[in-house]
Amino acid sequence: MIELNLQIYSNKIFLVDSNVDRTYKELLENTNRMYEALQTYMENSIILVQIKDRFKLACTILALGRLESTYLLVNPQWSNCEIETVLKHTSSKIVITDNEELLSLNNKRIKILSPSELLKAKAKQMSPSLIKLMGKVLMCTTGTTGEPKIVARTWESLFCEVDAVIERLHYTEQDHIFCLAQWTHSLGFVLHLLSGIRVGARLITSSRLCSPSKWVHIMKREEVTIVVGVPTFYSFLVQVSGAKLNIKMGISAGATLPRDIYEKFRINFSAPLLQFYGCTELGAITMQLPECETKFPSLGRPLNNMQIHIVDEQGIPVKQGEQGLICIKGDGLTHEILNKGNFISVEYEYKTGDQGILTEEDSLIVIGRNSQRIKINGLGLHPGEVEKVLQQHPNIMEAVVTAEEDIRRGTILVAYLRKKDKLPSELEIRNFCKQYLSPYKIPHRYIFVKNFERDEKGQVKL
């Protein structure tokens, strides 16, 4: 059981969302109203939660935690078809939503509740100073660590991660934390909502789509000290960084940061841009330290609640500095995964499905997905291994390596590159690669591009 004392922050601002301010006192009072109203509808089934309004979502999350419920947080951008699929998969009978289309459905099998209506209920008793959280929080993985699945985390495992994050990043009550990531995703849920509530910080976000210049305006107006986002967000932010901002750090996840974005942020804002490695099943695994620079592209040391082991395909630990499969042990590990309506326990040790290296400083370098390994003339390699070497070249900013078919040679490696300053010759690149790579790992072709197309998380699309 986890206890949160929101009374100590009282009239402090909890949330600034689309120019509407909410206090911790309002959060506490409305959570109690929601708790009272939901007791009528509770039954032994998974509850689906799809709420766009951040304040109502926060009240619902805490109220369901007080009720020891098991509930699934669903992205507000999901379609009704996606919702219907999850309803069948989870056998849910209750949906709490502010989606007007869902609210208008006449479904006798499903009880659909509006958070606005629930919050109109009058609390029968004074709001307790302590909110006691129990039950399970379910989240959908994105599929980057294998097939998409629904994972269950207890409040104890979530706050084990929260406390480790706060210890590493030094969040305080004085911080104003800006994040556009949805709270239905582990990045926004843990590093913004839960970590902010834990220390009594002010949370700033925007439920409405807005431009990068508007982000900067919000950040300047609200005196933001910490920014949380994905690489795509930072690629826009560094382009409109003319305003003076008092940021003490940025935090990035979801995909590897391009080096130029990493460097521009540090120059433009005189603050570190910290990367971390994690997944929905485990939350944050490694994170850089804000007070000392980690050599790019390392993703920092394990958090205090995590242990990392690099093993070969037989599960035998490799030597320090050698590449292998990333295995994790930790108190924050997901306890169960939902499969065909049943919860299946997860082992204490978890293989993330990624290839990586632990440096001599115990900092993690992620090479890429194990499933992306390819063979050239019968010999195996991982494209990320080649990409990391290419990106060490002084005139290469970013590299993406892929396998393509050649009529004469069969499968060959092709490197797509972004230059840094001057354009290096193909011979220069080959000679550079020979210092670090076996001959079969050196790309056959080199194609320079101005920019890479990326998805919303910042992953490169070729």
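What follows is a walk through some local features of a predicted model, from ring pairs to pockets. Residues are numbered from 1 along each chain as its sequence is written, and side-chain values use heavy atoms, with hydrogens and water left out. Local features need pLDDT of at least 70 and side-chain atom pairs count only at pLDDT 80 or more, while totals for chains, interfaces and linings use all residues.

The structure holds 12 aromatic pairs. One of them joins Phe 265 and Phe 269, with 4.8 Å from centre to centre and 50° between the planes, which puts the pair in the tilted group. (Rings of Phe, Tyr and Trp, the last by its six-membered ring, pair if their centres lie within 6.5 Å; planes under 30 degrees apart count as stacked, over 60 as edge-to-face and the rest as tilted.) Both residues sit in helix H10 (residues 259–269), four residues apart, or about one turn of the helix. Helices (H or I, at least four residues) and strands (E, at least two) are DSSP runs, numbered from the N terminus. Phe 265 and Phe 269 are both buried, where buried means under 20% relative accessible area, exposed over 50% and partly exposed in between (1.4 Å probe, protein chains only). Ring pairs also tie these two into a cluster with Phe 178, Trp 215, Phe 233, Tyr 234 and Phe 236.

Ser 270 has a positive phi of about 50° although it is not a glycine, and at 67% relative accessibility it counts as exposed. Ser 91 also has a positive phi, about 60°, without being a glycine. Ser 91 is found in the loop between helix H3 (80–90) and strand E6 (94–97), and is partly exposed at 44% relative accessible area.

Two arginines lie over ring faces: Arg 66 is over Tyr 35 at 3.6 Å from the ring centre, and Arg 54 is over Trp 183 at 5.4 Å. (The cut-off asks for NZ of Lys or CZ of Arg within 6 Å of the ring centre and within 35 degrees of the ring normal.)

On the strand side, E9 (residues 136–140) pairs with E5 (residues 70–73) in the parallel sense over four bridges, and Tyr 71 has Val 137 as its bridge partner in E9. Two strands pair if DSSP finds at least two bridges between them. E9 also runs antiparallel to E10 (residues 150–154), joined by five bridges, with Lys 136 opposite Thr 154.

On a 1 Å grid over the protein atoms alone, a cavity is a set of points where a 1.4 Å probe fits but cannot get out, and a pocket is an open set with protein on both sides within 12 Å along at least five of seven lines; lining residues have an atom within 4 Å of a point. The largest cavity holds about 40 Å³ of space, and its lining includes Thr 256, Gln 275 and Leu 299. The second largest pocket has a volume of about 380 Å³; of its 16 lining residues, the closest to its centre are Phe 296, Pro 297, Ile 365, Lys 388 and Gln 392. Grid points are joined across faces, edges and corners, and a volume is the space filled by probe spheres set on the points. Helix H11 (383–390) and strand E23 (364–369) each supply at least two residues of this pocket's lining, with H11 giving the most, three residues.
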